[in-house]
Amino acid sequence: MWKHPSQTKMYEALGAVADGRIEVTENTGKCHSSSGNKFYDISFDPDTNAIMSNDNTSYWKGELGYPAVAYLLKRGLLDYRADLADLLKGIAWKDINQKF
């Protein structure tokens, strides 16, 4: 069972969707980092609603990371307002996360 994502990870996921950094196929996805130098793999099982991502937050903290949340948003499994997500375009999340 995943811990709930932090509020900042939700913003980061919305930014990934707005930036077009999430690629979705049927039950898999790929999310590119805000710096563009790496990507994360996502897998989803619709029968059990199980989701997995190899991002650091998911791997080290057991918290649902932004790539998995972005996947769920892009697939329409979580509701969001695209106009508000657009406000989060182009934010360098990695730089912000490292600084603070």
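Tyr40 is buried, and so is Tyr66 (buried means under 20% relative accessible area, exposed over 50%, and partly exposed in between, with a 1.4 Å probe and protein chains only). The model is predicted: local features need pLDDT of at least 70, side-chain atom pairs count only at pLDDT 80 or more, and totals for chains, interfaces and linings use all residues. Residues are numbered from 1 along each chain as its sequence is written, and side-chain values use heavy atoms, with hydrogens and water left out.

Aromatic pairs are considered next. A pair of aromatic rings is described by the distance of the centres and the angle of the planes. Rings of Phe, Tyr and Trp (its six-membered ring) pair if their centres lie within 6.5 Å; planes under 30 degrees apart count as stacked, over 60 as edge-to-face and the rest as tilted. The count by this rule is three aromatic pairs. One of them joins Tyr40 and Tyr66 edge-to-face, with 6.1 Å from centre to centre and 85° between the planes. Tyr40 belongs to strand β3 (residues 39-45) and Tyr66 to helix α3 (residues 66-74), so this pair ties together parts that are 26 residues apart in sequence. Helices (H or I, at least four residues) and strands (E, at least two) are DSSP runs, numbered from the N terminus.

The ring centres of Phe44 and Tyr71 are 5.7 Å apart and the planes meet at 50°, so this pair is tilted. Phe44 in strand β3 and Tyr71 in helix α3 are 27 residues apart, and their pair links distant parts of the chain. Phe44 is buried because its relative accessible area is 8%. Tyr71 has 0% relative accessibility and therefore counts as buried.

The side chains of β3 alternate. Tyr40, Ile42 and Phe44 point to one face and are buried.

Two strands pair if DSSP finds at least two bridges between them. Five bridges join β3 to strand β2 (residues 28-32), and the two run antiparallel. Gly29 stands opposite Ile42. Six residues lie between the strands of this hairpin, where Gly36 takes a positive phi near 80°. Four bridges join β3 to strand β4 (residues 50-53), again antiparallel. Here Asp45 stands opposite Ala50. The hairpin of β3 and β4 has four residues between the strands, and Asn49 in the turn has a positive phi of about 60°.

Asp55 lies in the loop between β4 and α2 (56-61). Asp55 is buried yet has no salt bridge (a side-chain nitrogen of Lys or Arg within 4 Å of a carboxyl oxygen of Asp or Glu). The nearest side chain of opposite charge, Lys9, is 6.4 Å away (Lys and Arg count as positive, Asp and Glu as negative; His and the chain ends are not counted). A polar contact of 2.7 Å joins the side chains of Asp55 and Ser53. Such a contact is a pair of N or O atoms within 3.5 Å; within protein, one must be able to donate a hydrogen and the other to accept it, and residues adjacent in sequence count only if both atoms are side-chain atoms.

The structure holds four salt bridges. Among them, Lys9 and Glu12 have their closest N and O atoms 3.2 Å apart. Both Lys9 and Glu12 are buried.
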